[in-house]
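Please look over the sequence and the model shown here before reading on. The report is meant for a reader who is meeting this structure for the first time.

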Amino acid sequence: MKRLRLAAVLAAAALALLPTTASADVTYPDPIPLTGQQIIHDPTVHQLRNGQYVAYSTGGIIGARLSTDLHHWDDAGNAFATPPSWWYDYNSTADPWAPDLSYRDGRYWLYYAVSSWGTNHSAIGVATSPTGLPGTWTDHGKAFSSEKTDTWNAIDPALIHADGKLWMAFGSYWTGIRMVELDRRTGKALPDAPVHHLATRPDAPYAVEGASILHHGAHYYLFASYDACCAGVNSTYKIRVGRSTSITGPYVDSTGKPMLEGGGDLFLASHGRYIGPGGESTFRTHGKTWLAYHYYDATDNGTPKLGLNKLSWTNKGWPELL
């Protein structure tokens, strides 16, 4: 779950009082119907080699859900039985957030963030598993970190391969979305690797976080969550998207406005009972690409729940939800 400075929370709350950038006639598709354990925050979804789907998320020691069909989900405990001791250096309750799950080199890789509300003294950890199932993870410590002297915040990891290299997008407020190259062998940031800047907003508190990057055709697509999460039905979260022919940017929206200058096409926003969608990630299964995200259910006291929609593409190469 994203952690913001108090000033950031107040500023983001003020945004809710401003007119929305979404047009009144915009229609967003509802997520597919789900059953079982739907409560989730910041989901990352993957189809395991045994055929099951797993969703890891903020909550617990990285909460886990399992499904055989993407429609019915069962609680599967947590990724870890106990918190690694180093987590307490960043969070007094060893509370990890916003995981990212991927598979490469015969292993599953789980990245996650550990931090505290109101600080960018933060770290992104990495763990591996032979199966990807909860309870099978071996932690390998910090992959990347940030300190109060940095102008970025090392949370919300998102992995992607590009140009034969392994990259990690990350960031929350503190000037927005960043990217760093990782060592493929260790899964950790390369020593002295430059930190690239992908997206921000013109004014503090730079309410951009939760990046996810998808490669399609000739472009890389950067999805990011804007405005305020974590406030139930009062959340103003929404998802924006831009694209680039280079993994490190510049990313622009459909009008050509750079995401480093506040650009980004509005992709998914509140509609009906589905309030504040964000914390998104993408995954592929059976030849289809899906968007996973959380929303706050207005018919259930703002409880955060899992949203899943298929992605398709316009004739101009922009993603849209089905």
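## Basis of the description

This is a predicted model, in which local features need pLDDT of at least 70 and side-chain atom pairs count only at pLDDT 80 or more, while totals for chains, interfaces and linings use all residues. Residues are numbered from 1 along each chain as its sequence is written, and side-chain values use heavy atoms, with hydrogens and water left out.

## A sheet of four strands

An open sheet of 4 strands has the order β6-β7-β8-β9, and its pairing is antiparallel. Strands here are DSSP runs (E, at least two residues), numbered from the N terminus, and two of them pair if DSSP finds at least two bridges between them. The edges of the sheet are taken by β6 (96-104) and β9 (138-146), and because each has a single partner strand, one side of each is left without a neighbour in the sheet. From one strand to the next the twist averages 20°, where the axes are lines fitted to C-alpha atoms and the angles run from 0 to 180 degrees between N-to-C directions.

Within this sheet, strand β7 (residues 107-114) and strand β8 (residues 122-129) run antiparallel and are joined by 7 bridges. Trp109 stands opposite Thr128 in β8.

## Two nonpolar cores

The largest nonpolar core has 21 residues, and those with the most contacts inside it are Tyr56, Phe80, Trp87, Leu110 and Trp137. Such a core is a set of buried Ala, Val, Leu, Ile, Met, Phe, Trp, Tyr and Cys residues joined through side-chain atoms within 4.5 Å; buried means under 20% relative accessible area, with exposed over 50% and partly exposed in between (1.4 Å probe, protein chains only). At least two residues of this core come from each of β3 (53-57), β4 (63-67), β7 and β8, and β7 gives the most, with 4 residues.

Phe80 shows how parts of the chain come together, since contact means heavy atoms within 4.5 Å. Leaving out residues up to four places away in sequence, Phe80 touches Ile61, Ile62, Trp87, Leu110, Tyr112, Ala127, Trp137 and Asp139. A second, separate core has 19 residues, among them Met179, Leu198, Leu222 and Tyr226.

## Aromatic pairs

The structure holds 13 aromatic pairs. Rings of Phe, Tyr and Trp (its six-membered ring) pair if their centres lie within 6.5 Å; planes under 30 degrees apart count as stacked, over 60 as edge-to-face and the rest as tilted. The ring centres of Phe80 and Tyr112 are 6.1 Å apart and their planes lie at 75°, so this pair is edge-to-face. It links distant parts of the chain, with Phe80 in the loop between β5 (72-78) and β6 and Tyr112 in strand β7, 32 residues apart.

Another edge-to-face pair is formed by Tyr221 and Trp318, at 6.0 Å centre to centre and with 85° between the planes. Tyr221 lies in strand β15 (residues 219-226) and Trp318 in the loop between β20 and β21, so the pair ties together parts that are 97 residues apart in sequence. Tyr221 and Trp318 are both buried.

Strand β19 (residues 288-297) pairs with β20 in the antiparallel sense over 8 bridges, and Tyr295 stands opposite Lys305 in β20. Their hairpin has 5 residues between the strands, and there Asn301 takes a positive phi near 55°.

Strand β20 (residues 303-313) is mostly covered, with 8 of its 11 residues buried. β20 also pairs in the antiparallel sense with strand β21 (residues 319-321), over 3 bridges, and in β21 the bridge partner of Trp313 is Pro319. The hairpin of β20 and β21 has 5 residues between the strands, and Gly317 takes a positive phi near 80° there.

## Two buried threonines

Thr285 is found in strand β18 (residues 274-285) and counts as buried, at 5% relative accessibility. Its side chain and that of Gln47 are joined by a polar contact of 2.7 Å, a term for a pair of N or O atoms within 3.5 Å in which, within protein, one must be able to donate a hydrogen and the other to accept it, and residues adjacent in sequence count only if both atoms are side-chain atoms. Apart from neighbours within four places in sequence, Thr285 is in contact with Gln47, Tyr53, Leu70 and Trp290.

Thr58 lies in the loop between β3 and β4 and, at 10% relative accessibility, counts as buried. A polar contact of 2.7 Å joins the side chains of Thr58 and Asp42.
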